[in-house]
Amino acid sequence: MTSLNTHSDPIILEMRSITKEFPGVKALSEVNLRVKAGEIHAICGENGAGKSTLMKVLSGVYPYGSYDGDIVYQAEVQQFKDIRASEHAGIVIIHQELALIPELSIMENIFLGNEPTKRGVIDWAEARIRSTELLARVGLREDPETPIKEIGVGKQQLVEIAKALNKSVKLLILDEPTAALNESDSQHLLDLMLGLKGRGITSIIISHKLNEIEQIADSITIIRDGKSIETLDVKADGVDEDRIIKGMVGRTLESRFPDHEPKIGEVFFEVKNWNVGHPQVQDRMVCKNSNFFVRRGEIVGFAGLMGAGRTELARSVFGRSYGRFLSGQIHMDGKDVELKSVKQAIDAGLGYVTEDRKSLGLNLLDDIKATTVSANLKKVSKHNVIDANKVFTVAEQYRKSLRTKAPSVEEGVAKLSGGNQQKVVLAKWMFTDPELLILDEPTRGIDVGAKYEIYGIIQQLANQGKGIIVISSELPELLGLSDRIYTIFEGAITGVLNKDEASQETLMKLMTSARKTA
Amino acid sequence: MNALKKLFGGNTRQFGMIFALVALIIFFQIATDGRTLTPGNVINLFNGNSYILILAIGMVLVIIAGHIDLSVGSVAAFVGVCVALFIRDWGIPWYLGILMGLGLGVLIGAWQGFWTAYVGIPAFIVTLSGMLIFRGANQYVGKSNTIPVPADFQKIGSGYLPEIGPNIGYNNLTLLLGLLGVAFVVFSEIRSRRNAKALGAEVPEAWVSIVKLILICGAILYATYLFATGRPGTSFPIPGLILAALVIIYGFISSKTVIGRHIYAVGGNRHAAELSGVQSKKVNFLVMMNMSVLAGLAGMIFVGRSTASGPFDGVGWELDAIAAVFIGGAAVTGGVGTVIGSIVGGLVMAVLNNGLQLLGVGADLTQIIKGLVLLIAVAFDVYNKSQGKKSIIGLMFKNFGRSSELKADETTSTKEVISRGI
């Protein structure tokens, strides 16, 4: 290990020209990050910009040797081979999805993998004393023996931090810590971070909520398309939300979308006063009085941050496949319809392409042809007996027209690349001949070439007079594709913009703040 | 090796099991000095295992859907004793007894299906409870006695195809059945070739089809010969006939019908199936119900074969059926498995049992060997999966296999990172 000179302004962490490549894709390219000791450093960027990858490199998830560049931490070049190694050095990462075990108590979770022992037996008395101390430090007033599942997400987040403190953390990384929290829990967490800063703990925070970043961060590094764009000093540079947004979205739009002349018709699908409750948490709402409509031939975008309730809205409309339906109406072609099950929704002419292809969209054991017909077996069967020839013909047709790259339609979908998998999923829904097709993150994890093709398919469907809803975290994608864009924030629709009035800045504003008027 | 692969199609795992079955039969035929492939022994083997194989048919569907059924032995015993009592005490004819037995199976299945599918209790628990309930019920209604059944009813468990037509030294109906089998196999091969050609899909070379047909038809004809030349009065057994019919029906349902696809879809990825409009609760209900109906049928066949119902009928059957299904290539996680594979798996166990018996190996060692066979077969499956679904043949030529690596445009989710990191 190399020893380095320390400057007057102590740098706790420096990541130098980090480059991380996956086969065929450069996720990070020459990224630099300098974090001063004792500061709160925010990392901002759009989804997919490379923030998480960078943090995975830092915490040893991608071990030393799988990336290029140096990590200098506490004046030494580090070669973390796994998460344990980085934790040993005092770097603790808290993920958005919490890594707590719901059935175990707060105390057991805090000491999981790090149990205090006396002659090989767990010393619960000691654990209890220490966890009470730790809970006091994070400001959580709960009995350490309370099971995790009985406390809310906000408190669980605090337990995660207590767990980190127990590992004598020096650099705490929080990935979207407030995404799932309500206002007061978020505020408490932000105050706690400032408190930790007072005790000399350095934090890196990744967040989409720019107002929070503005409030607590000392410096901000902006990442865009896998490159570090700039590092801002919040106090000195007079940074505000607009300044951050400008850095985040400042990319030039190349021609990433096929040319398309929209042919927009009548309103045919309308959702009114839509209210849906969280499936498990009794009082939490995932859709709050939402109203929207779709015209024939129109591509409607839904913009919102992760966790804003876009998917929840779409799935609750799609045959109430998510959440507890509370109230609301759906009009289709002027008639009231009740879509109580996915089957009814499909029969009524809805289709939903999920954002989570692998766990919700595909049966990875199936082949292309079985997947293609799986949502409309009726059409390929007679008296409930499936016509294998028809299945083959249909699948082959879609494989050709969507240009799915596979040796044959008998290839297993698990073997396909993300872009081709998505084409198979699109084929599956096109085969149901839907009037309204909802596409949830249709290009997530798909490379640029395949994206272009998928945009083309979407536009083609719209030209056939179908209504299309596109949910996406990538604003350029929504701007390039949609004729009209709704914005969602915390379960409520906060605005709607026509194509010509929408820009990344206007959208981002509506996506990150509650409705100001009415 | 490539030729072999062509011969048996893409499904190399099934091929592996058939290969193992043939190897076992040849081994025992040699080791027992020809006592394995005698008409008497083969008929015996079929009669003594048909009820397990029938259970395996239902069980494979349950396992494909991602569940398990531990109650089949008890359900079989309960249905058996009830039918024996109906016939003895109410004096109803044998066919009505069978119908009532099947009806009882429907009721029991609806009970188990209700708890599994609509209440959402894991099938393991529901059927563990069913195992206790119906075992107790069998002994309660039968007062732990053996209850005999009339000779007519015994036929379904121990009857044979009758002698019809001119006496040519063979059983005519058995011969007819064998010829029908051959005709069916030849016809379907021709049809599948014609279809493939019409669709522009890959048509296997002619010699592949011909060799395949010769092997399969040879096996069928040899079996026909064995069944048709047994000692006078024996021929193709009735339970074997029932089994064959069920294999054809369920093989068809599982691979060619909408409900069959739905079973695989629910087992493969329940959420994806639901989001494609599959009513997974209904599927689960039907699968559990069907299992109990087949268990009832198996129970009746067993009662017919042993001429009476008893308090300990069907003990341990669930394990034999489950073992057959897993040896036959089903995955513990659901979504994978075939009816024919499970039958082959069941036959592997049956041949092993029978051959070891003929060799005079004790019950103790037989159990050890069967246990090891089950473990090795499933270990093989698990190992295959961890290697990125390599086939058996792929394993033999390991160096040529593809390694599983992250595809270009896949990114890992935070969840994956968490599970990897800790």
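**Reading a predicted two-chain model**

Colleague: Among contacts in chain B between residues at least 6 apart in sequence, what percentage join residues at least 24 apart?

Modeller: Two residues are in contact if their C-beta atoms, placed from the backbone, lie within 7 Å. In chain B, 79% of the contacts between residues at least 6 apart join residues at least 24 apart. This is a predicted model, in which local features need pLDDT of at least 70 and side-chain atom pairs count only at pLDDT 80 or more, while totals for chains, interfaces and linings use all residues. Residues are numbered from 1 along each chain as its sequence is written, and chains are lettered from A and ligands numbered from 1 in the order in which they are written.

Colleague: What confidence does the predictor give, and over which residues of chain B is the pLDDT below 50?

Modeller: pLDDT is the predictor's confidence in each residue, from 0 to 100. Chain B averages 85, and 87% of its residues score at least 70. Residues 388–422 of chain B fall below 50, yet this stretch has 53 contacts in the model beyond near neighbours in sequence. Where pLDDT is low, the predicted coordinates should not be read in detail. For the complex, the ipTM is 0.75 and the pTM is 0.76.

Colleague: How many helices and strands does chain B have, and what share of its residues count as buried?

Modeller: Helices (H or I, at least four residues) and strands (E, at least two) are DSSP runs, numbered from the N terminus. Chain B has 18 helices and 2 strands. A residue is buried if 20 or more other C-beta atoms, placed from the backbone, lie within 10 Å of its own, exposed if 12 or fewer, and partly exposed in between. Of the 422 residues of chain B, 41% are buried.

Colleague: At what angle do helix 14 and helix 15 of chain B pack?

Modeller: Axes are lines fitted to C-alpha atoms, for helices over the stretch in contact, and angles run from 0 to 180 degrees between N-to-C directions. Helix 14 (residues 317–327) and helix 15 (residues 339–358) of chain B pack at about 115°, with their axes 7 Å apart. The residues that meet include B:Ala323 and B:Ile327 from helix 14, and B:Gly345 and B:Gly346 from helix 15. By class, this contact has 6 nonpolar, 3 polar and 1 charged residues. Here Ala, Val, Leu, Ile, Met, Phe, Trp, Tyr, Cys and Pro count as nonpolar, Asp, Glu, Lys and Arg as charged, and the others, Gly among them, as polar.

Colleague: How does helix 3 of chain B pack with helix 14 of chain B?

Modeller: Helix 3 (residues 39–64) of chain B makes an angle of about 65° with helix 14 of chain B, and their axes are 8 Å apart. Among the residues that meet are B:Leu55 and B:Met59 of helix 3, and B:Trp317 and B:Ile322 of helix 14. This contact divides into 11 nonpolar, no polar and 1 charged.

Colleague: In what order do the 4 strands of the open sheet in chain A lie?

Modeller: Two strands pair if DSSP finds at least two bridges between them. The order is 14-13-16-17, with antiparallel pairing. Strand 14 (285–295) and strand 17 (335–337) of chain A stand at the edges with a single partner strand each, so one side of each has no neighbour in the sheet. From one strand to the next, the twist averages 15°. Helix 10 (residues 310–317) of chain A packs on the sheet, touching strand 13, strand 14 and strand 16 of chain A. Strand 13 (residues 267–277) and strand 16 (residues 324–332) of chain A are joined by 7 bridges, and A:Lys272 stands opposite A:Gln329.

Colleague: Which residues lie on each face of strand 3 of chain A?

Modeller: In a regular strand the side chains alternate between the two faces of the sheet. In strand 3 (residues 40–44) of chain A, 5 of its 5 residues are buried: A:Ile40, A:Ala42 and A:Cys44 on one side, A:His41 and A:Ile43 on the other. Strand 3 of chain A runs parallel to strand 10 (residues 202–206) of chain A over 4 bridges, and A:Ile40 stands opposite A:Ser203. Strand 11 (residues 219–224) of chain A also pairs with strand 3 of chain A in the parallel sense over 4 bridges, with A:Ile43 opposite A:Thr221.

Colleague: Is B:Ser276 buried or exposed?

Modeller: B:Ser276 counts as buried because it has 29 C-beta neighbours inside 10 Å. B:Ser276 lies in the loop between helix 12 (270–274) and helix 13 (280–306) of chain B. Leaving aside neighbours within four places in sequence, B:Ser276 is in contact with A:Ser374 and A:Ala375.

Colleague: What phi does A:Glu30 have?

Modeller: Most residues other than glycine have a negative phi. A:Glu30 has a positive phi of about 55° and is found in strand 2 (residues 25–36) of chain A. With 14 other C-beta atoms within 10 Å, A:Glu30 is partly exposed. B:Ser144 also has a positive phi of about 55°, and with 12 C-beta neighbours inside 10 Å it counts as exposed.
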